[in-house]
Each structure stands twice: as structure tokens, then as C-alpha cells.
Amino acid sequence: MATELTGGLNPMQAFAVIGIAGVGAQWLAWRFRLPAIVLMLAAGLFLGPVTGIFVPSRDIGDLVAPMISLAVAVILFEGGLTLSVKKLADARPGVRRLVYIGAPLGWLISALTLVFVAGLGWESAIVFGGIMIVTGPTVIAPLLRQAKLRSRPAQILQWEGIVNDPIGALVAVVALEIVLVRNTGVTWGEALAQLVLGIGFAAVIGVLAGYLVVQSFRRGWVPEYMKVPLLFVAVLGVFAGSDSLLHESGLLAVTVMGLVVANADLPSYHELHRFKEHATILLVSGVFILLAAGIQFETLAQLDWWRAGLFVAAVVLIARPITVMLSLVGTNLPLKERLLIAFTGPRGVVLVAVSGIFAERLVGEGIEDGALIAPLAFVLVLVTVVLHGFTLAPLARRMGLTSGDRPGLLVVGGSLFATGLAKALEKADVNVLITDTNRDHLRTARAVGVQTFYGDILGDAAEHNVEFIAYGAILAASDNDAYNTLVATDLAPEFGRDAIWQLARHKEDRARHALPSQLGGQTIDGNRTLAQYLDMLGEGWVFRTTRLTEEYRLDAWRDARPGAVPLAVVQNEQLWFVTAEEDLVDKPDIRIVSMLPPDVAEQIEKENEAQAKPHDTAKEVARAEAEAVKRGEGNGSVPGGESPDAAKKLRDANRDDPDLIQTQGDATGAKGAKREPPQSDPDADLDDD
């Protein structure tokens, strides 16, 4: 039986609505290249305060608070799981400054902003100011993915968000303890003892839990299929245990636990991280839908909107930039990186969730303006998420801190085939990097100016030196079939299986050598091996890049290049390899990279030379006539004092030159019907490699 909108949803329907709205918003964001957080907030507002379809307090009641708390715990654990010290590299000094200096400085400046701009009292300001240290890893990660930021500023923003999240919650706890001491009979000694005990216990339990997980996985005490469930349960247990001793200290415990596991170099680390990443996507979606749907317009109406607007502007334009710029003084970060970090401070789930909890505590202690903390937090999150969601990518591009909008291809394996393909793709404005574990295999690529990386693309050195975010596709084309399969399988979850290609393996067409579909990458049309491509190059085949136009379409390309082997297509900053005939798109401005047989390549070269020769003659005529006009002789006279008849004879001699097809009408200038010029080859000016 359908539920009336006025009657609310039952818990099963509510969870279904949360999942569909959250994941649907993320999919739409990916599909239309929009900030996912913005769409999730919009979906939550539409379902909750706008239409009343889903109201968390009505439909799932007491489950809201624990669901949000546990979701935040898992999100922070997953964030800690990404913080490998080895990957921090040259971002370490900046992160250290933003934690050691930025956190206390941000607390102070945020509290001052709340008092003098938002109009809160000191008690509410120091509590909410501590929470405002949080920048929101749940928001930062999707924004970085969308903006394609360079490695160092991206790492700094990500580490700052993950590390400062539990610190901000704990600072708020400290501030709350101070307020309670002033408003209750608790002594300073008792409050300090409880605080130190809680923080120490959280750190110890996090380290201990992480160590036990690492040892149990490393020693084989847990079967492979139980590792992820055990880890998930351990996170919930650590969070609940620590939080029971000191409120919100569980956030610190799970973050420390994630750090321990991340830096233990476990063989199962990648599988664990991928599962947690998928779980985090679901949890982030759910939490944002819950928080946005739970907002009440009556609560927002409590705000003085003039003060609220000034407060948000002061946080974005003054408090955050001052905090970051002062914290990073003396580091080796370029000014433009500091500025980008300074003007990127979106707030997220933790800020809204924790502020709501502390607001209730303050109101319960008789501090009335504590009720303004929750609506101020929501407005701050909403504005910063929308602002940075739409401005981070353009700002980073303007400052030259992105990996660029050009499509990128990472070719694994250096060879003459890889080099020729790279040069052809570069003519289609594709950013190509060739990697190989053998330095000698990269000599040809280096000689012709192709970017190279010497080392294992799966190793730690690649993590530090290769801007993976600049490359949207991978072609495994080394001389080792097993390594190609390993690379394609290992990187597929990160890049997406639709962006992973692999040259055909030797004997893969035989049943006993075939691999299951989940291993390896897509095969280029023709199922040719590296050896077969190299044999073709040895026989004289050449690479060619062709641009289709309104006049020169796909059929014309096929007619002009019989026997051509299409390899890749580039369109609208996207690159894909041809796996079947339908992958060839018949649209203008499409670029097709192909290999041409020797006879076809030779014929095209002759046609180009034939076009080039009359082109030179035509230019000579134009230059001669221009000089005559400059001398005042006019009438198309040519140098040497020849009469206009001599110039006319010279033009008549070149009347049928193909190069004069650009002229509208008859090339001689005589009156008469226009003739249709023959179609020229659109890539005639491109050299063969």
C-alpha cells in the first residue's frame, strides 16, 4: 500500500529514498560534470523541507543521530586509510604547518569572527570556532577528483581535511569542557583530567586496534574473505568504545587506527581501501541527504541574515586566507599554491553533525545563542560547498595548478610502436607519457621529445613522480604479457575498466590460454600483439593523424585509405581506442589515429607533394604581383618590367593547379561559372612518423 506524503515513510522506504537520492545525485554529478556535493544537498533539501517527502526525525526518529555518528566514523577511518606517509612526499611541511599552526590559529580567528561578525557570545563562539577548524574530507575528495589538481596542493588539502577533522572535534570538546566548568560545579582539575584521559585513551585504543588488525592480517589469523567485515566491525567497536569515555574522542581513535593500517604495508591494503572507498561513497551520500532533509526553515529563520551573510563572507575571504597564509610562511610552497589552498576551505559532514550535538549541549546549559550554531553551520556548509564546487576547477586552471584539460594517455612499455603512437596522439593534442622498467626501451621516445618515466608504474616511485590525475586512460603495451595483464588489472579500479586497454597477448585466442573477463584490459580492434605491430612498422607501415571536417567525413577517410588500421579516436578532450568498427565516430573535428600500409602512405605522400609544388608556384605569383602593386605598376605586372600579358600567361599556366582551390570562382579572375574544387586531405600538413 502506497504511503501518503503527509503520513511519512516507514524505515525501509526511508532507507531506499536515501540510497536512491544519494547515489543518483553522485551519478548525475559524474554524468554532467557537476559538483556532487551540491546535487546531494539539493536532493536532500527537495526531499525534506521543500516537499516533505522524507523528514528524518519523523520517518526514522532516534536512528538519525547514531547513523550520522557511525557514518562519520567510517568516513574518517577511510580518510586515515588514505594517509600513507610514503605518499606525502614534499607536501609534508605544508601539512605539518596547517595542523600545528593552522588548527589553533584557525580556532582563534574563527572565534573572533563569530563574536564580532556573527554576534555570538564568547561561550558559543569558542565551541563553534573549534568545530570550524574542520575543512571536510567528504567534500574535498570529490572536489579534487573533479578539479584534477596537481599532486602537492591536492595532497595538502586532503591531509589537512582528514587530520584536522578529529582535531576540530576534540578542540570543540575542550571548549565545551571550559564552558561547563564555568557553568557547573566541575573543577578545572576534574575537567582537565577527564580531557587528558579521554584523548590519551582514544590515541592508545586507535594505535592498539590498528596494530592488532595489522598483525592478524599479516600472520594469517583472519581468512581473506573475512578481512573487510572484521575491519568494519573493528571501526565501529573502536569508535563506540572511545566515544563512551569522552564524547567525540572516537573520531580521533578511528583516524589513528586508519593511519596505523595505512602505513603497515599490508598485502591486502588495496582491496581494503577500495571496499572502504565504496562504502564511503554510500555513507557520504546518505549523510548529506539526511542532514539536508533534516533542516527546518523555522530553524534557519532564527538567523539574522545580514549578519549570517557577513559571517560567511568573512570566513571565506578573511579568516581562512589569513590562517593558511600565516601557517605556510617559511615553507617552499610557491605563492600560487598557497593562495589556492587559502581560498579553498569547504566545510562538510563533520561540521554539521558535530555542531548540532554541541548546540544541544549549550542550550541545555542555558546558553541561548547556542541554538544559532546549527543553522550557521548549515549555511556555512551550503555556501562553501556551492562556492568551491563551481570555482575550484576554474581557479586552479587559471593559476596553472591543474593537470590540464587535454586528454591524457599513459603507455606502459617503451617500443617503436609506443613512440610512434605517442607522436601521432600528440598531434591530436593528447598528453602522452611512456613508462618502462628498462631505461634502454625509452631511448627512442626521449630522442623525439615524448615524456617518459623510468620505473615500475605500480611502484612507490611512480606514486611520487607521476601525476596520475593527468592521465585518463592506460594502454598496457610492454613486451611482457603477464606484466601488461597485472598493470591493467591493478589500475582498473582506479581509472575505470572502460579506460584500460591492453595489446593482445600471445596465444590468447587459444582456449587454454584465455583469461577471465575481470583480468586484463580491453583489446584494440584486430587483436594484434606487440610483435605484430612491430612487424608492420618493419614492413613500412606508418602512423597517421587525420581530422574529419564537415566536408571530409568518415566515408571519405575510408575511401582515401584502403587497408588502414584505426587505433584511437580523440573527441572533445576524450580519448578511446578502437575496439570495434562502431567506435569510429563520423563527426566533424574528430581525430583518428591510424596505421597506413606502405602503398597507401606512399600514395598520400605523393599527393601531398603534388599539392605542395603548385602551392609554391601560386605563392610566387602572389608575391610577384604584390611587389608590382607596391611599385605602382599595378594591373598584375610582374617583376622585370614584363607586360600584363606576361603575368596573364603565367596565371593561365597555373589555371588548373589544385592548390588554387581556395579561390572563390575561376582562378584566372575571368567571369563565368564557379567550379567545385577537389577535396584536399585535411592532414596533408602532418608529417608521418
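1. Six strands make an open sheet with parallel pairing, in the order 3-2-1-4-5-6. Strands here are DSSP runs (E, at least two residues), as helices are (H or I, at least four residues), and both are numbered from the N terminus. Two strands count as paired if DSSP finds at least two bridges between them. The edges are held by strand 3 (451–454) and strand 6, each with a single partner strand, so one side of each has no neighbour in the sheet. Strand 1 (residues 408–412) runs parallel to strand 4 (residues 473–476), and four bridges join the two. In one of these, Leu 410 has Ile 474 of strand 4 as its bridge partner. In a regular strand, side chains alternate between the two faces of the sheet.

2. What the model is. The model is predicted, so local features need pLDDT of at least 70 and side-chain atom pairs count only at pLDDT 80 or more, while totals for chains, interfaces and linings use all residues. Residues are numbered from 1 along each chain as its sequence is written, and side-chain values use heavy atoms, with hydrogens and water left out.

3. A hairpin. Strand 8 (residues 565–571) pairs with strand 9 in the antiparallel sense, over four bridges. Gln 571 stands opposite Gln 574 in strand 9. Two residues lie between the strands of this hairpin, and Asn 572 takes a positive phi near 50° there.

4. Asn 527 is not a glycine, yet its phi is positive, about 50°. Asn 527 sits in the loop between strand 6 (522–523) and helix 24 (530–538). Its relative accessible area is 47%, so Asn 527 is partly exposed. The scale is simple: buried means under 20% relative accessible area, exposed over 50%, partly exposed in between (1.4 Å probe, protein chains only). Asp 589, also not a glycine, has a positive phi of about 70°. Its place is the loop between strand 9 (574–577) and strand 10 (591–596). Asp 589 is partly exposed too, at 48% relative accessibility.

5. Aromatic pairs. Four aromatic pairs are found in the structure. Rings of Phe, Tyr and Trp (its six-membered ring) pair if their centres lie within 6.5 Å; planes under 30 degrees apart count as stacked, over 60 as edge-to-face and the rest as tilted. Phe 116 and Trp 122 are edge-to-face, at 6.3 Å centre to centre with 85° between the planes. Phe 116 is exposed, at 61% relative accessibility. Phe 417 and Tyr 533 are stacked, because their ring centres are 4.5 Å apart and their planes are at 20°. This pair links distant parts of the chain: Phe 417 is in helix 20 (residues 416–427) and Tyr 533 in helix 24, 116 residues apart. Phe 417 and Tyr 533 are both buried. Together with Phe 543 they form one aromatic cluster.

6. A charge over a ring. The charged end of Lys 227 sits over the ring of Phe 217, 5.4 Å from its centre. The test asks for NZ of Lys or CZ of Arg within 6 Å of the ring centre and within 35 degrees of the ring normal.

7. Salt bridges. The structure holds nine salt bridges. Each one is a side-chain nitrogen of Lys or Arg within 4 Å of a carboxyl oxygen of Asp or Glu. Asp 59 and Arg 58 meet at 2.8 Å, N to O. Asp 59 is buried, at 6% relative accessibility, whereas Arg 58 is partly exposed at 36%. Asp 440 and Arg 443 form another, with the closest N and O atoms 3.2 Å apart. Here Asp 440 is partly exposed at 45%, and Arg 443 is exposed at 57%. Asp 555 and Arg 558 form a salt bridge at 3.6 Å, N to O. Both lie in helix 25 (residues 554–560), three residues apart, about one turn of the helix. Glu 550, Arg 553 and Asp 586 are linked in a network of salt bridges.
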